[in-house]
Amino acid sequence: MPLASTPPTPLDHAAATLQHAVQDAFETRQVQVPSLPWAAAGLLSTGALPPLPWLVNALASDEAMACAVLRIANSPSYQPRCPIMSVDQAATRLGPQALGEMALAVSLQANLFCPEGFDDELRAFWRHALAAAVFARDLSRACGVSALEGFACGLLRDIGRPLALTEAANRCTAVGLAPSHPQTHAAVLATAATLAPTAAAYVADAWNLPAPLASAIVRHAPTFRVTDSPHATVAHMATQMAGSLYRCESPWDLARKQAVAVNDATAAGLPDLGNTVRTWVESLTV
């Protein structure tokens with residue numbers, strides 16, 4: 001005799017209502033996507049580095065950006081021989097490629113998505129994204145993609161997830177979910193995970209991203225195929241490598257949080273590279 005199924009609870013119903021409400025908001029174009037920060041817009045519009053003087057002047061004129069760039073430039077990842085005191089020095093010693101990566105990483109993390117109560121999740125998201133960006137930058141050479149485009153593919157490959165998280169968090173009260181309830185937290189994360197692909201396409205359209213980058217964001221997973229664009233290939237491979245490196249730090253997938261802890265760098269099969277990427281991630285995290 002089959003076991004009786006457990007009837008849905010009011011909370012289950014509210015969680016399902018939340019997902020439906022967020023999905024409907026995307027389908028009816030009611031979601032407001034934050035404007036692409038100026039530094040990211042300038043770097044992503046062409047997929048190439050702008051003239052170095054323009055980049056230096058723009059960063060130097062933004063105190064918050066300049067401070068973040070100098071912190072990163074003086075981090076172990078870049079191993080400066082002596083302290084770097086200005087954006088000009090950073091450009092001279094590190095070069096335009098490194099400066100562009102810093103500007104892109106810093107501008108996209110700074111207050112782009114900030115739903116209340118999900119700081120830890122967003123920080124973990126950006127750590128994964130930054131790890132994927134570093135992997136993608138190095139993979140891009142073998143796929144005929146520029147280093148900056150590769151870095152952007154890794155950084156943005158799952159950008160729909162924090163937008164879906166923000167929309168779900170903002171709609172909790174409207175569907176009868178108390179924002180402070182622990183199960184509400186789980187319902188928001190589940191909604192964000194389910195609707196991440198929908199939100200990714202929405203972001204790519206709203207930001208008018210170049211077609212190769214938009215393709216990488218929308219198609220890198222789970223619809224990725226080996227015949228996809230080189231940008232999608234880079235994004236997909238970098239995602240898998242970053243996932244191995246941070247296997248036990250995945251608040252977006254609650255089942256993974258309960259997984260048995262392993263040495264992630266060893267699990268990735270690349271312990272030395274894993275340690276290097278972790279150092280980069282720590283440096284680039286705002």
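Predicted model: local features only at pLDDT ≥ 70, side-chain atom pairs only at ≥ 80, totals over all residues.
The bend is at A196, by about 60°. A proline, P197, follows within four residues. After α10 comes N208, and its phi is positive, near 50°.

**Confidence**

I checked pLDDT next. The chain has a mean of 81, and 83% of its residues reach 70 or more. Over residues 254-269 the value stays under 50. For that stretch I note 25 contacts beyond four places in sequence.

**Aromatic pairs**

I searched the whole structure and got 2 aromatic pairs. One is F26 with Y202, edge-to-face, at 5.2 Å centre to centre and 75° between the planes. F26 belongs to helix α1 (residues 10-27) and Y202 to α10, so this pair ties together parts 176 residues apart in sequence. Both rings' residues got a burial check. F26 is buried at a relative accessible area of 3%. Y202 is buried too, at 6%.

F125 and W126 also pair: the centres are 5.1 Å apart and the planes stand at 75°, so I log the pair as edge-to-face. F125 is buried, with 2% relative accessible area. W126 counts as buried at 6%.

**Charge over a ring**

I then looked at R137. Its charged end sits over the ring of W280, 4.4 Å from the ring centre.

**Helix α9**

How many of the 11 residues of helix α9 (residues 160-170) are buried? I find 10, so the helix is largely enclosed by the rest of the structure. Among the buried residues are R161, T166 and E167, along with P162, L163 and L165.

Conventions: Residues numbered from 1 in each chain as written. Heavy atoms only, no water. Buried < 20%, exposed > 50% of the residue type's maximum accessible area, 1.4 Å probe, protein only. Helix = DSSP H or I, 4+ residues; strand = E, 2+ residues; numbered from the N terminus. pLDDT = per-residue confidence, 0-100. Contact = heavy atoms within 4.5 Å. Bend = angle between axes of the 7 residues up to and from the residue. Phe/Tyr/Trp six-rings, centres within 6.5 Å; stacked < 30°, edge-to-face > 60°. Lys NZ or Arg CZ within 6 Å of the ring centre and 35° of its normal.
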